[in-house]
Each structure stands twice: as C-alpha cells, then as structure tokens.
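Morning, everyone. Let me put the model up, and then we will walk through it.

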Amino acid sequence: MTARQQRMLIVILVLIGVGIATTFGLRAFQENLLYYYSPSAVQAGEAPVGRKFRVGGLVVPGTVKRTDGEIDVSFDLTDNAAMVTVEFAGILPDLFREGQGIIAHGKLNQQGVFVAEEVLAKHDENYMPPEVAESLKQTHAGGPSK
Amino acid sequence: MWTWFHKLSSPPHFYRLSASLIPWFGWLAAAFLIVSLYGGLVTAPADYQQGDGFRIIYVHVPAAMLSLFIYMFMATAAAIGVIWRMKLAHAVAVACAPIGASVTFLALATGSIWGKPMWGTWWAWDARLTSELILLFLYLGYMGLRSAIDDTNRADRASAILALVGVVNVPIVHYSVTWWNSLHQGSTLLKKGGPALPPDMALPLFGMIIGFMCFFGAVALTRVKREVLVREQNSKWVKDMVTSK
C-alpha cells in the first residue's frame, strides 16, 4: 500500500467513523430532536406530563372560538387521527387560519386541555398563485391541504 | 485525465486559467441574477397564503443550497489536498470557507426575517435551523483553526481534518426536515414528483440558483488567485510576473 492509498483509506475511515458515531448519537436523542408531538402521541400519553412541550397539527375548521372583547382563543388541533383542544391568550401569527398547520408550545392542564404560551404557524412546501389555490379548492372541495 | 489533473494543480497554470475564467463567471452571474431577480420580484405571481412575502425565497433558497454545496466543495478540495498532498487543493479549500460562511449567514438571516411574519418567530430550535447554525460554526471553526496555526502546511492538514469531520453535518441539514418533525417545511424543489411550485415561480428560482453558483465561481477563483500568490510569493514565476509588469 502506497502512502497515498494509506491517506485515502484514513480519510474514508474518518468519514465512516464519524458517520456511524453521529448516527448512534442522533438515534439516542431522537426524542429530543422532535420539535413537536402529534395529537395522537399526546392522546397516547407519549408527551411529557407536567412539563412544557409542543404539539403540532392542523386547526380543525369550525372549532376556532374567540371570547368577545378578549384575546383568548381556543381551537382544536388534529393529525387526522386524534384531536387536542388548545387554549391561547396572545397574538396569533398571520398565517393562523382554519385548516392551517400550527405548532403550540405549552402544557396540558388537568382537563386535558393544552394551555399554550406561544403559537407558531407551520406552512407546507407548496407555493401557488391564489387563482390556482382557488381552483384546487373547487375541485377537491376541501381546499389545499394544510 | 491525469495529465489534465497535474496541469491543473500547477499554480502558474491555474493562476492564468482562473484569471481568464473569472470574467465569464462574473458576467454570467450578473446576467442570471438581474433577470431572475426581476422574474422573482416582478413577474412571478404572489403566493396564495403568504402573498408577496414568499418572494424572499429567491434569496433564501439559493443561499441555503449554496451553503451546503460550498461545504461539500471545500471538504472535497481538502480531501484531495490531504490524499494527494496537493497544495493548490488546500488553497481552494481556504478560499471557499469565508464565502461559505457568508452564504450560510445569509440563509440564516433571510430565514429569520421570513420566519417572523409567517411562523410567528425569528428563531426556533428545530432540527433544520439548528443544523444550519452548526454549519455556520463549522465554517467559522475552520477559519479560526487556520488562523491559530502559523505554519501553512500544518494549518492545511489540521483544518482539512476539521472540514472532513464536518461533512457529517451536510446530510443532517438536508434530511432534517424529513427525519424529524420540524417547524421548517420540507423541500419545495427536491420534492418527490417534481418541484411544488408552478413554472412562473420556479424558473426565476432556478435562475437565481445558477446566478448564485456563478457568483460563487467568480468570487472563489478570485480568492484562490490571491491565496496562490501569497503562498507562491517566493517562487520564480510570481517574481517574473511582477517584474515584467
């Protein structure tokens, strides 16, 4: 083996070694790397109890309730399998609307209602002009997903 | 192929070659950037959800793509430098790092400006944003490590190892949005089944990406030229070139 081949081997081994180490490291911290839990996971009791976490899902159309004269708002989040009711007193992001992907940060209370301190909007990777979105809405009747 | 490779690795040859290539890259970059920027900011339609706010994509996505591309380019150059003991390859890696750091910063900054109105926050510790921040630290660490070692050969080798170890972060940045739940959405351009945006939005974006690439080419070659001059300052060809002017 020439010195050059040896160096090549070392470079390849370093890459493989670091790759394997990182894979194990990331697998060990898998749970901490999840930015949010789905409503199904919350219902199944996978979300931490008594500690703050994030829940993400789509706002169920027709469940957004506002209190008159207050900024309090409540809405249901779903992943099309389970639902979580979220209460929030604060300013909602511009993209907040029914059917929108939302990530709420807060705690579950005794009644199983998620009391949020912060609400973020998640948008998907699709971009389109309003006319296209409108025609999609008419053909699918459910509107663009998320 | 190897004669081409050896010829390319000769500093005076590379110096002349890059000098003649820089204007090409520069003018191509200017043409693509001007046309695509007009396409992106004026002729492309507004988004159905984000309105005109989505247009920051025309800077954000090319910058983010380039931040990963430059890293792979830099690490490949560093690997060639280590394996073949080619000094020119190290010079290329050195020249790339500050450009990579700049576009990474640009991607993070434009992402932050985009995130505030759309998501409702400047920053979130989700997998995509965090791994991109680590990418910035890798670039800065590479530059910092180099400047801490006076001897060029030793700096070359030490920083090359750092660049190679950091390669592991590149797939993490790319796949972070598919591997974990994240606030950042999935890839629009590399989506299964083709880009998730119509041609009048997509074409300016592709144009911007090509423009950014050419810009990188022009700036990188300019920086490599300078790096070669500094490294070869005592050689005969540099002295000949300087005195003949």
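Start with chain A. The centres of its domain 1 and domain 2, taken over C-alpha atoms, are separated by 40 Å. Domain 1 covers 1-33, and domain 2 covers 35-140. Those bounds come from an automatic or database domain assignment.

Some ground rules. This is a predicted model, where local features need pLDDT of at least 70, side-chain atom pairs count only at pLDDT 80 or more, and totals for chains, interfaces and linings use all residues. Residues are numbered from 1 along each chain as its sequence is written, chains are lettered from A and ligands numbered from 1 in the order in which they are written, and side-chain values use heavy atoms, with hydrogens and water left out.

Now chain B. It has nine helices and zero strands. Helices here are DSSP runs of H or I with at least four residues, strands are runs of E with at least two, and numbering goes from the N terminus. The C-alpha trace of chain B spans about 65 × 35 × 30 Å along its principal axes.

On to the interface. The area buried between chain A and chain B is about 3,500 Å², and carbon and sulfur atoms give 62% of that. Buried area is the accessible area, with a 1.4 Å probe, that two parts lose on being put together, summed over both. Three residues stand out: Y35(A), E125(A) and Y127(A) supply 21% of the area that chain A buries against chain B, more than any other three residues.

E125(A) comes up again. Its side chain meets that of K191(B) in a salt bridge, at 3.6 Å, N to O. The cut-off is a side-chain nitrogen of Lys or Arg within 4 Å of a carboxyl oxygen of Asp or Glu. Between chain A and chain B, the count is one salt bridge.

Over all chains, the structure holds eight salt bridges. K191(B) lies in the loop between α7 (169-179) and α8 (199-231) of chain B, and E125(A) lies in the loop between β6 and α4 of chain A, so that pair joins two chains.
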